[in-house]
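Me: I've got a structure open and want to go through it piece by piece. Can you help me read it?

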Amino acid sequence: MPDQDICSYINEPRLVARKFLARPQYEGVGAVVRRSIGRFELKYFDPLIVLDEFSVTAPAGFPDHPHRGFETVTYMLQGAITHEDFEGHKGTIEAGDLQWMTAGRGIVHSEMPAAQGTQKGLQLWINLASKHKMIGPRYQEMLSKDIAETMIDGIKVRVIAGEALGIKSPIYTRTPTMYLDFTLKPGAHLQQIIPKSWNAFVYILEGEGVFGNQKSQPVTSHHILLLGSGDGLEAWNKSSKVLRFILVGGEPLGESVVQFGPFVMNTQEEIDQTIDDFENYTNGFEKARHWRSESAISLDY
């Protein structure tokens, strides 16, 4: 089958600089994640802190836990997760839905299975600049039907953040970010522009694809590919099956990073202060003193 091209005028295609296989590990309470960013080989990929492909079956999940200093982006692939926090925000994220949560100065929340069987999805942590780390928490949520989507010449894209194939996402990215969910039919060839100064990666969800150079060896699911310098990505599906992957990029912050579990700040002093704030229910964590999620309370009975 001949290549089907989407031309985005890429002058300098980004090649694959590094490749890792994300292996399963346990996280939360009994949940299984494949962590590709935030692991020992790749602690940080400015401004991206963590990428998890998670798989959760009740009673496993992510019970009450805090965050400060960054944003979490939850994109469901299968099943549903119920989210609730100490501000009274509660809802269910179903397959194809998106939740873009700015933790800012502090949030305590839970993320637990909301359906039978196995729930699967992706969670990306995006760092905030020092001037934004202590802003108030906020949410941007989109149902699957409202996510910008188009299909051209065997390429389907869902635009979580940024722009692709002529369509844009309404999501506001305080740290400039692109997040694209691509599906390529056999024979399809993609060219996608990426700002030259940004860091970017590909994470393969299904099938196998060729990235950066069409003479490269195909790469299979659960691999993360860190892209080198250039102005865009080229990808080919030379197999007989569908290829699905996400392309994520972000503008580097160029700031120091100190992380202690779910807290991401710029200095050790700020981490020490965050721990003190959380333990003493102050400076953004006041509501944590008397709050427990409904899922946590139900486990007591």
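Me: Let's start with one residue. Which residues does Asp-52 touch, not counting those up to four places away in sequence?
Reply: This is a predicted model, so keep that in mind throughout. Asp-52 touches Val-33, Arg-34, Arg-35, Gly-121, Leu-122 and Gln-123, leaving aside residues up to four places away in sequence.

Me: And which of its side-chain neighbours makes a polar contact with Asp-52?
Reply: Arg-35 does. The side chains of Asp-52 and Arg-35 are joined by a polar contact of 2.7 Å.

Me: Is Asp-52 buried or exposed?
Reply: Buried. Its relative accessibility is 8%, and the cut-off for buried is under 20%. Asp-52 sits in strand β5, which covers residues 48–57.

Me: Which domain does UniProt place at residues 35–126?
Reply: The UniProt record gives "domain: Pirin N-terminal" there, from an unreviewed entry. Over residues 35–126 the chain is 0% helix and 65% strand. The end C-alpha atoms of that stretch are 15 Å apart.

Me: Which residues does UniProt list for "domain: Pirin C-terminal"?
Reply: Residues 179–283, again from an unreviewed entry. That stretch is 12% helix and 48% strand. Its end C-alpha atoms are 32 Å apart.

Me: Zooming out. How many helices and strands are in the protein chain?
Reply: Two helices and 27 strands. The radius of gyration is 19 Å, close to the 19 Å that the globule rule gives for 301 residues, so the chain is as compact as a globular protein of that length.

Me: What box do the C-alpha atoms fill?
Reply: Roughly 60 × 40 × 35 Å, along the principal axes.

Me: How much of the chain counts as buried?
Reply: 52% of the 301 residues. The chain exposes about 13300 Å², and carbon and sulfur atoms supply 50% of that area.

Me: Now contacts between residues at least 6 apart in sequence. What share join residues at least 24 apart?
Reply: 71% of them. Trp-236 and Ala-188 give you a pair to look at. They are 48 residues apart in sequence, and their C-alpha atoms are 6.0 Å apart in space.

Me: Where does Trp-236 lie?
Reply: In strand β24, residues 232–236. Trp-236 is buried, with a relative accessible area of 4%. Its side chain makes a polar contact of 3.4 Å with the side chain of His-189.

Me: Switching to aromatic rings. How many aromatic pairs does the structure hold?
Reply: Eight. In one of them, the ring centres of Phe-211 and Phe-245 are 5.1 Å apart and the planes are at 90°, so the pair is edge-to-face. Phe-211 is in strand β21 (residues 208–211) and Phe-245 is in strand β25 (residues 243–250).

Me: What about Phe-278 and Phe-285? What kind of pair do they form?
Reply: An edge-to-face aromatic pair, 5.4 Å centre to centre, with 75° between the planes. Phe-278 is partly exposed at 29% relative accessible area. Phe-285 is buried at 0%.

Me: Next, Tyr-281. What is its phi?
Reply: Near 55°, a positive value in a residue other than glycine. Tyr-281 lies in the loop between α1 (268–280) and α2 (294–298). Tyr-281 is partly exposed, with a relative accessible area of 29%.

Me: And where is His-222 found?
Reply: In the loop between β22 (219–220) and β23 (223–227). Phi of His-222 is positive too, near 75°.

Me: Last one. What does the side chain of Arg-68 reach?
Reply: The backbone oxygen of Asn-283, at 2.7 Å. Arg-68 is in the loop between β6 (62–67) and β7 (70–78). Arg-68 is buried, with a relative accessible area of 1%.

Methods
Residues numbered from 1 in each chain as written. Predicted model: local features only at pLDDT ≥ 70, side-chain atom pairs only at ≥ 80, totals over all residues. Heavy atoms only, no water. Helix = DSSP H or I, 4+ residues; strand = E, 2+ residues; numbered from the N terminus. Buried < 20%, exposed > 50% of the residue type's maximum accessible area, 1.4 Å probe, protein only. Polar contact = N/O pair within 3.5 Å; in protein donor to acceptor, adjacent residues only side chain to side chain. Contact = heavy atoms within 4.5 Å. UniProt positions renumbered as here; feature names shortened; annotations may be inferred. Rg over C-alpha atoms; globule rule 2.2 N^0.38 Å. Areas by Shrake-Rupley, 256 points an atom, 1.4 Å probe, with all protein chains shown as cover. Phe/Tyr/Trp six-rings, centres within 6.5 Å; stacked < 30°, edge-to-face > 60°.
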